[in-house]
Amino acid sequence: MIAPVTLPHRRLGSRFARIPILVALAWLFVLASLVAALFGHLITHISPSAQDPFSIATLPTGTHLLGTDGLGRDVFSRVVAGSTSALVGPLVVACSGFLLSGLVGIWAGYSGGLVDTITMRIVDFMFALPGLLITIVVVTLVQGGYWLAVGILCVLNVQGDIRLIRSATLAQRALPYVEAERITGIPRWRIMYRHIGRNILPILLADFAIDFAGALVALAGLAFLGLGAQPGTADWGLMLTENEQILFQNPWAALAPGLAIVVLATSVNLIGDFIYERRRAASVER
Amino acid sequence: MATHDAPLLELENVRVESGAGRRGGQRRTILTGVDLRLMPGETVGIVGESGSGKSMLAKAVARLLPPNVTASGRITYRGTELLSQSDRSMERLRGSGIALLYQDPFTMLNPLLRVGDHITEGLAGAQGRRSRRALRDEAVRRLAEVGIDNPDVARKYPFQLSGGMRQRVALAAALARDPDLLIADEPSTALDVTTQAQILALLQSIQAARGMGLIMITHDLRVAFSVCSRVYVLYAGSVLESAPAAALAREPLHPYSLTLLVSDPPIDRTLAALPVTEGNVPTPDSVADMCGFAPRCTWATAECRAALPPLVDIEPGRRSACVRVSEIRGELRRSTTALLVEDPAASDAAAAVADPVLRIRELSKTFTGRHGRDVHALRKVSLDVGRNESVGLVGESGSGKSTLARCLVGLETATSGTIEVVERSDRSGGTSGGAREQALHKRVQLVFQDPYSSLDPTQTVGDAIRETLRANGYDRTALAARAAELFDQVGLPASYLRRLPATLSGGERQRVAIARALAVEPEVIVFDEPVSALDVSVQAQVLNLLKTLRREFGLSYLFISHDLAVVRQVVDRVYVCYRGEIVEQGAVGEVLEKPNHEYTKQLIASIPRAADEAAEVA
């Protein structure tokens, strides 16, 4: 007989009680990055751009928590200050992906016919483009820097989102509740953005997280190639390149921003997954 | 019935619950204190509504419970205690000892395996190595046993077969290792009526020929009576009554069994009102320490709510869990007939429609397929619905009845023919030229079959009603009052307006769907199988509601269903649809009693023997 394991009856009243520890840590890190981006100058007592010619590439000390880089700048202050560009760019990319895929994806999926065909052929065309290559070429030619890179990522990132949201919309469109609303004369835009939109919100949110993490890594990569943030700005990707040369004098100068990129991207993905699973579970439970 | 003394399967005090395993979560009781005994070669029915735990019982016996669901108690098969067996020895037992047949023939078969492979897969493992040729011949022989005589079928893929054929294949696959116990979980529910009858007859003949034990799990008492010798009635996780089928049909010994018996509408007459049991099936935990049926029972006293009554022997072979059975026995027996009062006005339905509100003329719909293979879903269908009339449209799946409904509300565009809706003269036709189609489908509303997916799950039902009212130009200041009024009309408390669909039962959701259709103030409401997804005891509530609404508000209905008994209760006239054509029409009593067309006769003949007929035989 399968012995019924008798567990002490747990009261799980609070919502927070069920958040796994990993997701809690991920939230903590994202919040910390947010605080650093907004109030970074209040946390650090050393300016991220102040050069100290007497302590170049030193290991961590009491004053320089993560040591200094090749120009004698405080690495900790620069990591804190770098969170601004690490958050803002990806946030813009993810928001544009959320809005554009929400608007265009639902519209194409719901309307079908010519609208759908044209949209999807454009998306197919964009899929065929080598995105990263185009970004590198354009940013190099125009000498654009950070915001141009963000702009191009916004455009190149949206195709996958649109495809995803369109197919999610197609699945919703076939459900009786959508047909019932059509029959009762609910306006088209309301069915699309109020009803279908609300029902596929978990997918949109998960997609937002994926976009954010992808853009973070892509922007860091571009900065590493010298195609993102201008030299001199505190940017995690840029710090990786700059401090690569002093890897053996102060490894923290390159490791800290590198770790920050990895942990932030992972955290956002974990949170996205968690939100998606929870919302989906809520909608499945009927 | 076999006469061996040792039972084939015996369940003692079986309890199934979820959330008790390692994964934790909320503990929920699914079944509690279930005793069951099956002799070799016997056929036993387990009858219950959704949520009664009947499918979990089957899974517990086969040890196929989902993760996080555990069974305790004793399940003994041929003297072997099953719950303590290792997974490996259970694997050997499944198929060769205990086999399962599920409800849905569309997902039960592996779409990538040929029909023959489904069967030989079981054969090969059981009887050692055999030549491929011998296996193929055996598969063909096994298919013949389930009534598939064409040997070519063995080489086909499941998608090339109809639902009934697939169910036959699934049965042959389940029988491949010659089990002596078959558990069939709603084996005919997903099929058309005519196919359903064939599958039930097949199950019965195979059971008799092989002398195997059969447990038939169903929600339909008629099905259980037609196949089983004994019936267990399951409600909210416990057995309320067990009895020989014929005895149960004649005289139920539990009020719930009575409910099941009388809420199944009769085919041979129209009732003034269907006997209704208020409320819904409770969860086992909410009725853990009382009689499960007490909250809905008209005979319930304090005694019934004091403790969970045990199943006790009333007479040989008959057990009931009703504590008051000796007092109310006579009343129960009388109620089986007294509650079924015939509607005297039912028979004189007008044959001709005097004042038509919906006029369909020669409507055709052709779906253009690939390679020029067109599907003619509707062929020159003409149909009238008179004002305040209820018209039935019956037919099997694929007969085109749902296509007709979709054309009426504008979800599909007909290929040719006309649909005309006559507006009431006192209503100003406020439709401007451009919005013709829009206008048509606002005057015809549709209530869908599946109440679980026809409401937006993210929206409260009150918002859904108010949104519908607003979209139809209703005065904004009166929205809330009108929504409450509509809920009142469909028998829902106004407090439900704030609820999400997920918190409502199927019957309540269907009421919301009806309220939403009423909000548009249509001339005609089309019901597409509105009760086929509901439990029998809830079905009666909704059917009565439809009758009341029609009487009070002068509504006109087009009622689409495959269930002739249900149609008989709510319509005046009926059209029989077969392969996209109307093959017969007339007053419902006449058509059902004196069918002319071959297809109509077939439909009527394939209804499982009803309770009262079984009683007559006994």
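Reply: Helices and strands here are DSSP runs, a helix having at least four residues and a strand at least two, numbered from the N terminus. Counted in this way, chain B has 21 helices and 21 strands. The model is a predicted one.

The radius of gyration of chain B is 26 Å, close to the 25 Å that the globule rule gives for 618 residues, so chain B is as compact as a globular protein of that length. Its C-alpha atoms fill a box of roughly 75 × 65 × 50 Å along the principal axes. Of the 618 residues, 48% count as buried. Among contacts in chain B between residues at least 6 apart in sequence, 70% join residues at least 24 apart.

Now the sheet. Three strands of chain B make up this open sheet, in the order β14-β13-β16, with antiparallel pairing. Its edge strands are β14 (375-386) and β16 (416-421), each of which pairs on one side only. From one strand to the next, the twist averages 15°. Helix α12 of chain B, residues 401-408, packs on this sheet and touches β13, β14 and β16. The direction of α12(B) makes about 65° with that of β14(B).

Within the sheet, strand β13 (residues 356-367) of chain B is joined to β16(B) by 5 bridges, and the two run antiparallel. One pair of bridge partners consists of S364(B) and S416(B), the latter in β16(B).

Chain B is divided into domain 1, residues 256-338, and domain 2, which comprises 356-424 and 437-608. The centres of the two domains, taken over C-alpha atoms, are 32 Å apart. Contacts between them involve 16 residues of domain 1 and 20 residues of domain 2. On the side of domain 1 that touches domain 2, the residues divide into 10 nonpolar, 5 polar and 1 charged.

Another antiparallel arrangement in chain B can be set beside the sheet. Strand β1 (residues 9-18) pairs with strand β4 (residues 69-77) in the antiparallel sense over 8 bridges. Here E17(B) stands opposite T70(B) in β4(B). Strand β4(B) also pairs with strand β5 (residues 80-81) of chain B, again antiparallel, over 2 bridges. In that pairing, Y77(B) has T80(B) in β5(B) as its bridge partner. β4(B) and β5(B) form a hairpin with 2 residues between them, and R78(B) in the turn has a positive phi of about 50°.

Conventions
Residues numbered from 1 in each chain as written. Chains lettered and ligands numbered in written order. Predicted model: local features only at pLDDT ≥ 70, side-chain atom pairs only at ≥ 80, totals over all residues. Domains from an automatic or database assignment. Contact = placed C-beta atoms within 7 Å. Nonpolar A, V, L, I, M, F, W, Y, C, P; charged D, E, K, R; others polar. Pairing = 2+ DSSP bridges. Rg over C-alpha atoms; globule rule 2.2 N^0.38 Å. Buried ≥ 20, exposed ≤ 12 C-beta atoms within 10 Å, placed from the backbone. Axes fitted to C-alpha atoms, helices over the stretch in contact; angles between N-to-C directions.
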